[in-house]
Amino acid sequence: MADCEVKESGIESFTNSHGATDSDTQARNQTSRANGGLGTTTGTHPIMSMNKSDGAMNGIINSHLDQSTSLATLHIAQLPEELLESFKTTFPDDVYVSVSQLVERATRLCWTDLARLLEKLREIKIRDPKDIADRIPGEVHTPNDSSKENREKKLRIWEYAEKHKRVLIKLLVILQWSAKTEENQATIALNWYLNELRQCFHGANKALGETLRFNHTWQDAAPDLHTAAEILAAGKIAALPDLGYVEERKLTAKQMLSTMRRLDNVLSVRMIVEDNIPAPLSKWRIHDGRVIFTMPHEFEISLSVMDEEPDAKFQTVDVTFIFWPKPTMSQFLLDDILITTNHQLAERGIEGAFRFLHELTLTQKLQEFYQQAVLLTQGVWSGHLEVEMIKRTLVVQYWTRRASSKSWIEVSINSGRLDLKEEPVEYPIPYIHLRWLRYGKLVPDHMIEIDLVHLSFESILNQVVAHHIDFLFDSIYDRLAATKLFQNGDLELEQTSSLTDGLECSLSIELSKKEHVRLTCDCVAGAVVISPATDRTSRLQAELARSKNAVEDLLARFQTLRCSIVHNSLSQAMRASSWQNLPGMHIPYNELRELFGPSIIRANFFKRTTWAENWILVASFGTYGDLWWLVHYPINGQRTVQALEYNPIHLQKSLSSGYLEKLAEYASRTITMQTNQHSALGLAVMSSLPSAETAGAGSMKVHLDDQEDLCAIQGDIVVSSSSSKRASQKPHLIAYARLRAPDEVLKQLVEAELDSSTIIDADKRLLQLRIPCAVGEARLGTVLTKLRHIDDLISCMTLVYYSKALTTQRVTMHEIVIDYSTDLTSKLSLALVFEGTSDVSRVRLLPQGSNPHALILEHIQPLMSPTQGTLSERVNKLLATLRMNLALARCLQYLQGLVCVAEVPSMSTLNLAESRKWLRMHILARDIQRFGVHFFTTNAAFKHDIDTQETPQKMLVRLEIEPNLGGFGSKLGWIVRPAIEEFKNYTRPSYASHALEERLKQRLLSANDTRWLSMDQAVKCLIDQPGPLLVALHDIILEWVKEAVEEQSRATEPQPNEDAMLRDPAGPQTSHPNGQPNLASVQNMQNTQNYPPQQPAVDTMQLKQAQAMRARQQQMQRQNGHPQSFPQGRPMNSAMNVQQNGNPNMNINMNGTSRVMTAPPQQVRQPQPNPQQRRAGMNPAAQQQQQARNNQNRNQRPPPHPNDVINLD
């Protein structure tokens, strides 16, 4: 019993003397109980083993235990009593808890934690997707699993489940133990006893170590064997002997300071001469008698010497680790480290101590990384992280559930050996090295930093994941940026990168100006998250989660997603606008690729109601963008496609009605411009499509070639298209042209009666034409026609402007009226009508019915043919001709009885009333300057002396009037000659009687007068004085007819010669069956003869008689209404009713080129002097020369000109 007391007191005194307090012992016991009483410890030293064969534990034999007893069947009653008493004292029965109480306590804890969890989850608010401002209408939203709040909720739920999972596992273990209570209690008691012994052994070991450390300072006396024997024998002693030790004197502060300074000086000298200091420890400091070396991010070691000798060894004073978390070490382990360090100092110096501590630190850091990685697998990263330590390499695979290739990191201790190419190092320094393998391939130059001061494997893992996510988004960004949509800047990409936190990495992709998506990545699972969450994005996200190559699959499916979203937005906007959707129009996909390119994904077809049937608008959606196309379907040809250079669909912030109307306006103008450009065949056209900004600034320049040259148009013609304010209205085709004309002409043109589509700015010399043009209708031809009309008007007005004898009466878009005779008696005008595409389609002479040039109207139109030169040249020539033959036309008109004598004063001596009883005259216009004059007798008793087959209206003579350039100096003249009989075209002779022929030759053709020039076979007068000649001609014929009739009436019995002379021989017909003369039987001839002009003598009496005769004619016209009539026997089949100035009561019957009027009331004709036989001053030689020239001209005269009758209708 005494021995036991001694043992117990010895153990207790050993523990107390070496620092093993009761609190430490109790902590160890509690740790043992917390570990389930299984005897496991967390120290670095091995547990003392028990030898079952001899029943010894750690060298101590327990005689109370039976060697044949097995621990598996050990019962509590089999334990020694002293062990049971000590165990029951430490663990009384009241400390035990029943299993039912444990289950109840666990259930209550689970319920309480669940209630608290629900309260916390209720406090965390998640944003509702329906409240998102930029949501897509009509789409179903799903919860946003990638939000921060949702992740926090999931984390709390997972922590709650993991906590109570561990409690449940412990309960299951306890339930298994409760079935074997006695055996487990014995095992627990035995394990507790062994732990107590182990702690005693550890305390004794520590005490021995302390004794060994300080024993060299003790002065041990000789052993007192007597006292020792007494203690061993009796177990007690009355008093201890006095050994005579001298008490240690305490050092003063001055002594301690001096000692420290002396040590500092010694260490300074030693460090100066020391050459075995490694490079990492090159920085050191001396303080308080020790030298302190610092290894950055690892440890600090303090060394000192125990002697001032130069060869004294360094001793380790202290070792401190300077990284966190610091390793938890017992004092025994720390002492072991110091012993090993001193051993390295003694053998290899400072270099050896450094290498030992450096490798120890690296090993501790790698072990810390491993423990942290294991803890991560038990937390949020559970199921997505695999950790394995292979020798001295920590291998961590992340995103284990991804279907793609594996990615992992390797953290190891690198030996520090350099490559063979570099200079080798004798003592390489090891270091912590990280290798990153992404998708099974090594990433050579990564930028992952390892914080060796604050050790955190989670930080390393976050960096790796952030780099991986950034690499993923970089790949997507580069692939998308290379496409046409993002390369041209039509759509935008925005990437947010972070090298430390993967949650901050994102990629914003713009689908349109209104729609965009944001890509993030779940750091734990590695899944791509697309927001905002919709049905389409959720499906795409699910497909990417199963994808082996997320980048390629995302690019392929992203275009489909983008096209689908833009397509739906466009369809909704189109249904709300005035566009007409064509859902029934389906084109095979292969044909779509041929029309719109291989990148097209889908297309929509639209149309406007005002467009032509062969034009449609197509919206194509593809990888290269969303574009508008105009498709043309020819009736008999292959369809053509044209891309509208307009803002693509995805550029619009909203497909508003304004944008769609602007698009319709732009497309309509483009169609109009293209249609008119294609219609400009044979013209040089340079076009530019309308601009997208103004939707209508496009135009085309039309350059006219030589055949279409417009004299009054300067430069090219600019043609553009304008829109209509209403959808039902037609747009306009606008043409701009610069005018080249005098200012006065332009001012007159502005004041003219032009149509509303023509606008002229005289100040800027600018012409604007606005032609209504339906979409798809070609109206460029109409523009050119109007320009030709404007050019013709300007040409004619310019001609009038530079001519003093001409004036402009009226100007409209299709007609211009020019006055070419403005004398006191009458006002004559020429109206040029512009219709169709030709310059002058019709010519009118005003006033209608009374214009003397109506006789030659049918010959005027051929002169206006474009082949005769420019319009100004033709009009100038026509007006000059009209003014030249105006006097002759008036005389001929008077001879027909169409005008009164007041308008022809030169023929006032002619008594038409009397002549109508005997004569009738037909005027035939050969051309514009040549006339045929036929005299007929109205007396039925008249007989021809030439055998002809005439109707009762007998023809007397046929004469021709032709112009002549010679005569009377440089003036023109008229030649009057008989019709030439030698030409085969004439079927009748020129004279009906030889007597009449001789009479005309004697008194007119061969007799000179001051008013005309006789030429033997013809007679010539001045160009503006044909009246006296025609009067003389008329009087001679009338006089002869009267004489012939009177002579025939006096003769009671006609003589044979007289009968032959007066007989009307049968001859060929000279008229058409309808009564019109045979105009092809006229031969044109021209004679050039110069003779001086002569003015006719008109006295006062003749003027008064002419005025009286004109008054009587006007009176008869007022009484009869229609004084004009044709004689019986000459029906006019080709009659025309011509109205003048809108008066339907004035009618003129016209037959071909001849006009026949009844003679006015009979007038008293004054006698005229006889004409001279020859011209004064002409000698016989000159007369012979003139006769020879006339004969020569008669033989060389060209064949007759055909005279076609023109229908004025």
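Student: With which residue does Arg108 form a salt bridge, and how many Å apart are the closest N and O atoms?

Tutor: The general idea is that side chains of opposite charge can pair when their charged atoms come close. Here Arg108 forms a salt bridge with Glu104, and their closest N and O atoms are 2.8 Å apart; the term requires a side-chain nitrogen of Lys or Arg within 4 Å of a carboxyl oxygen of Asp or Glu. Please keep in mind that this is a predicted model, in which local features need pLDDT of at least 70 and side-chain atom pairs count only at pLDDT 80 or more, whereas totals for chains, interfaces and linings use all residues. Residues are numbered from 1 along each chain as its sequence is written, and side-chain values use heavy atoms, with hydrogens and water left out.

Student: In which helix do Arg108 and Glu104 lie?

Tutor: Both lie in helix H4 (residues 99–123), where 4 residues, or about one turn of the helix, separate them. Helices here are DSSP runs of H or I with at least four residues, strands are runs of E with at least two, and both are numbered from the N terminus.

Student: Is Arg108 buried, partly exposed or exposed?

Tutor: A residue is called buried under 20% relative accessible area, exposed over 50%, and partly exposed in between, using a 1.4 Å probe and protein chains only. Arg108 counts as partly exposed because its relative accessibility is 47%, and Glu104, with a relative accessible area of 44%, is partly exposed too.

Student: What meets the side chain of Arg355 in a salt bridge?

Tutor: Its partner is Glu351, at 3.9 Å from N to O. Arg355 counts as buried at 17% relative accessibility, and Glu351 counts as buried at 12%.

Student: Which residue forms a salt bridge with Asp927?

Tutor: That partner is Arg930, with the closest N and O atoms 3.0 Å apart. Asp927 is buried, its relative accessible area being 14%, and Arg930 counts as buried at 16% relative accessibility. Elsewhere, salt bridges that share partners join Glu543, Asp553 and Arg557 into one network. Counted over the structure, there are 26 salt bridges.

Student: In what order do the 4 strands of the open sheet stand?

Tutor: Strands of a sheet pair through backbone hydrogen bonds, either parallel or antiparallel. In this case the order is S13-S14-S15-S16 and the pairing is antiparallel, where two strands are taken to pair if DSSP finds at least two bridges between them. Strand S13 (493–496) and strand S16 (528–531) stand at the edges with a single partner strand each, so one side of each is left without a neighbour in the sheet. On average, neighbouring strands of this sheet are turned by 20° against each other, direction ignored; such angles run from 0 to 180 degrees between N-to-C directions, with axes fitted as lines to C-alpha atoms, for helices over the stretch in contact.

Student: How many bridges join strand S14 to strand S15?

Tutor: There are 4 bridges between strand S14 (residues 506–510) and strand S15 (residues 516–521), which run antiparallel, and Leu507 stands opposite Leu519 in S15. Helix H12 (residues 535–545) packs on the sheet, touching S15 and S16, and its direction makes about 175° with that of S16; contact means heavy atoms within 4.5 Å.

Student: What is the order in the open sheet of 6 strands?

Tutor: Its order is S32-S33-S34-S35-S37-S36, with antiparallel pairing. Strand S32 (919–925) and strand S36 (1012–1014) are at the edges, each with a single partner strand, so one side of each has no neighbour in the sheet. Within this sheet, 7 bridges join strand S33 (residues 931–937) to strand S34 (residues 954–964), which run antiparallel, and Phe936 stands opposite Met955 in S34. Helix H23 (residues 1027–1050) lies across strands including S32, S33 and S34, running at about 165° to S34.

Student: How many helices and strands does the protein chain have?

Tutor: The protein chain has 26 helices and 37 strands, and buried residues make up 44% of its 1209 residues. Among contacts between residues at least 6 apart in sequence, 60% join residues at least 24 apart.
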